[in-house]
Every structure is written in C-alpha cells, then in structure tokens.
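Have the sequence and the model side by side.

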Amino acid sequence: MVPSIGSVQALLSFFFSKTLLFVILGSLGIGFLIGFHELGHFLMCKLLKIDTLSFSIGMGPRLISKKWWKTQFSFSALPLGGYVEINPKSFDTHPYWHKLLVMLGGIGFNLIFSYVVFIALHITGMPDSMLPIAQSSKPIIAAIIPESPAEIAGLRPKDIILKINGSSVDGNVETIITKVSENANQAIDLTIKRKRKERTVSVKLGEQVVGRSVFGYLGVQFEKAVRKSVSIWQSVVDGVAYTNRLIYRIALAFKSMITTKNISGLGGPIMVVSQTVHHASKGMKIFLALLALISINLAVLNLIPVPIMDGGQILLHTIEALLRKKLPLKIKEGIFLITWILFFGLALFLSLRDVANLYQENRAQSTEHPIHKKGHM
C-alpha cells in the first residue's frame, strides 16, 4: 500500500517537530540514569582493582570502541543505558566487602546524582511544581473550585485560614492539607479571617480517591508564597534535606507496595518514558528534577533483594560469605532465569496497564473542564 501525501506530511511534521525532540531528550535522560548507575559499578571496580572487561555507553552493536585502562570502552547503537562487564575470576578473588562496595556503587551514584541536582536547583531556584505546598504556598485562599465543599460553605478568595476545629494551623498550609485529608466526608470548623474579622465556618468535606486511598476534599487553591532568598550554604542544606525526604518517602512507598502486595501506584516503563517526555517539554529545571526523582526510585528499587537487582546480588554474596563457599552455579542460574521471567511478566503487565491509563487520561483531558481536574485540595 502506497502511503498518502497527507500521511507522509504528518510523518515529516512529526520528525521536525518539538515532540520528537522531547521524545529523544526524555529517552536520553532515562538512558543517562542507567548508564550513570553502571558507571558507579565500573569506577568502584577500578578503585578496588577488579578487572573490568568492557564498559559501554548505550546498548546493542558497538559503533565506536577503544581499549584503554585494560577495558574495552564503547559507544553502542541504542542510547538507552549502558553496561559494565566484570571479569568473574577477578571478582571472585576479592573479599566480601569489596563485592558489597561494587554492588552499592551503582546505587550510590544514583543517589549522588539526585543530591547534586536538588542542591543545584535549590541554589538556582526550585520550580514551584516540585516544592511541597507548605513551602510554595501560604494559607490564604486564592480560588474556590465551583460546586466544591468550600463554595457550598461560603468560603471566599482572600479568606485566611487560622484554625481547624479550634487548633491553630500556625500559618502552615501542610497542616491544613493533613487535617483536610484525614477527615473525608466529615464536617470541620474553619476559623478564618475575612476583612480583618475572624469568623468560624462549618464545612462538610467531600472526598477524592487516589488509587485505593480516600482523602478529604475542600476545593480551594492557595496563594503562592514569595520565597525568601537564602545563602548558598542554606540552599545546600535545604537541597540535601529535600533529597533525604524524597528517599524516605519513596522507600516507604516501595515498602507499602511489598507488604500490601498492591502495585497500583507502580508505573511501568511506558509510563516512566511518557512522564519523562512530558516533563522535558516543561523546561530544563522540571526535567532535571524528574530525572533526579527517577534516579532515587532506581536506587531504592535496586536495594530490593531480588536476584536481578543489586540488592539480590548483595544477598547472594552475603549468603556465600556466611556459608564460606559459593552457591552451585545451576542453582544461581535457575534463580536468575525464574526472576527474569517474572520481571518481564511484570513489565509486560505494567506496560499494558500504562497504555490503558494513558488512553483514559487522554480521553478525560479532552472532555474535562480545566477547573475540575485533579490536583486541587
């Protein structure tokens, strides 16, 4: 079948559009994170004098290759990640703690990348969308969502929320969000200041469902706070603290998924690429922040004691260290084969779910009025 002129024009338009640029940029960003992870393993091997046979930036057929430092360095055809090939005989001769450091090298590099990015963003100015609402807003109502509990209760823009059920919020928006979230479908008393006068308003909260969780819904937007300039040192401190909070929350999220056996909050490869491409179109700061967030997810994911992850490798080497002998090769190969089958099965399931979710989101966005979209409290 010969393609029509219209379809050829559409194809050419895509290839020369910004969309393609963002797709390429997003793919390279994810590939960089994987390659940077492998670089951590590689440099740790070199530091500990463990032979590395090859290190490749990208996957697939080698385009450029040169041997240096007893390692074959390559640029490969597919710019998605990379790999380091360790000499197993050399690796086996090293003590347990050397093996542990090599396995932790990739995880460490993912975390280092995140710390550097968030410190840099705090120095240059974090995007408002990446800041917690408590840092980017003040407890002054900027807008009321039509037909929301806030509108029904008679709240107005410029109202200042002072107390909830008699307890002061101390000017902290996060306190308001927490109290509202905990009281889905319940009545609460809000003490507000309107035109220099205080009054108490009773509000019957609604609900919004996220995954399998139900949160209270008020239906307001808060005014953005003017951020004060801080010193470079304070920006470094804030960047480290911000990264630490993300690591903690992501670790808790993975723990919750494992203990509850609920993967509704886990995105597959298609969703990760989609979100990366989407954020690439929003500017370099947001794009870098998302890459740093994904990098933390990769670090935490690799700590899970599954054989194909670094955490699983650490577990196997720990067992061998305790037994003081290597596990039979056939047993390890069997474990790896079963794990890879389960991993690809999970990836396929998540990918199919990602496609379905993206389709539903696109349909919803095409029919939903902007002021009713999720994201308001």
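Is aspartate 159 buried or exposed? This is a predicted model, and in it aspartate 159 is buried, with a relative accessible area of 1%. Its charged partner is arginine 194. The two form a salt bridge, and the closest N and O atoms are 2.8 Å apart. Arginine 194 counts as buried too, at 11% relative accessibility. The pair links distant parts of the chain. Aspartate 159 sits in the loop between α6 (149-153) and β4 (160-164). Arginine 194 belongs to strand β6 (residues 187-194), 35 residues apart from aspartate 159.

β4 and β6 pair in the antiparallel sense, over 4 bridges. Here isoleucine 160 stands opposite lysine 193 in β6. β4 has another partner, strand β5 (residues 167-168). That pairing is also antiparallel and runs over 2 bridges. Find lysine 163, which stands opposite serine 168 in β5. The hairpin of β4 and β5 has 2 residues between the strands. Within this hairpin, asparagine 165 takes a positive phi near 50°.

Most residues other than glycine have a negative phi. Where else does a residue other than glycine take a positive value? Tryptophan 69 is one case, with phi near 60°. Tryptophan 69 lies in the loop between β1 (52-68) and β2 (71-86). At 46% relative accessibility, tryptophan 69 counts as partly exposed. Arginine 324 is another case, again with phi near 60°. This arginine lies in the loop between α11 and α12. Arginine 324 is exposed, with a relative accessible area of 77%.

Strand β2 also holds serine 74. Serine 74 is buried, with a relative accessible area of 3%. What does the side chain of serine 74 meet in a polar contact? The partner is the side chain of arginine 62, at 3.3 Å. Leave aside residues up to four places away in sequence, and serine 74 touches Phe55, Ser56, Ile57, Arg62, Ile64 and Ser65.

Now return to the charged pairs. How many salt bridges does a search of the whole structure find? It finds 6. One of them joins lysine 326 to aspartate 92, with the closest N and O atoms 3.4 Å apart. Lysine 326 lies in the loop between α11 (310-323) and α12 (329-367), and aspartate 92 lies in helix α3 (residues 88-92), so the bridge ties together parts that are 234 residues apart in sequence. Lysine 326 is partly exposed, with a relative accessible area of 44%. Aspartate 92 is partly exposed as well, at 36%.

Lysine 326 has a further partner. Its side chain meets that of glutamate 320 in a salt bridge, 3.8 Å from N to O. Glutamate 320 is buried, with a relative accessible area of 7%. These residues belong to a network of salt bridges that links Asp92, Glu320, Lys326 and Lys332.

How many residues does the largest nonpolar core have? The core has 23 residues. Those with the most contacts inside it are Phe113, Phe118, Leu121, Phe254 and Ile296. Which helices each supply at least two residues? They are α2 (18-47), α4 (96-124), α8 (232-260) and α10. The largest share comes from α10, with 8 residues. A second, separate core has 19 residues. Ile141, Leu155, Val169 and Ile192 are among its members.

An α-helix has 3.6 residues a turn, so residues three or four places apart point the same way.

Technical notes
Residues are numbered from 1 along each chain as its sequence is written. This is a predicted model: local features need pLDDT of at least 70, side-chain atom pairs count only at pLDDT 80 or more; totals for chains, interfaces and linings use all residues. Side-chain values use heavy atoms; hydrogens and water are left out. A salt bridge is a side-chain nitrogen of Lys or Arg within 4 Å of a carboxyl oxygen of Asp or Glu. Buried means under 20% relative accessible area, exposed over 50%, partly exposed in between (1.4 Å probe, protein chains only). A nonpolar core is a set of buried Ala, Val, Leu, Ile, Met, Phe, Trp, Tyr and Cys residues joined through side-chain atoms within 4.5 Å. Two strands pair if DSSP finds at least two bridges between them. A polar contact is a pair of N or O atoms within 3.5 Å; within protein, one must be able to donate a hydrogen and the other to accept it, and residues adjacent in sequence count only if both atoms are side-chain atoms. Contact means heavy atoms within 4.5 Å.
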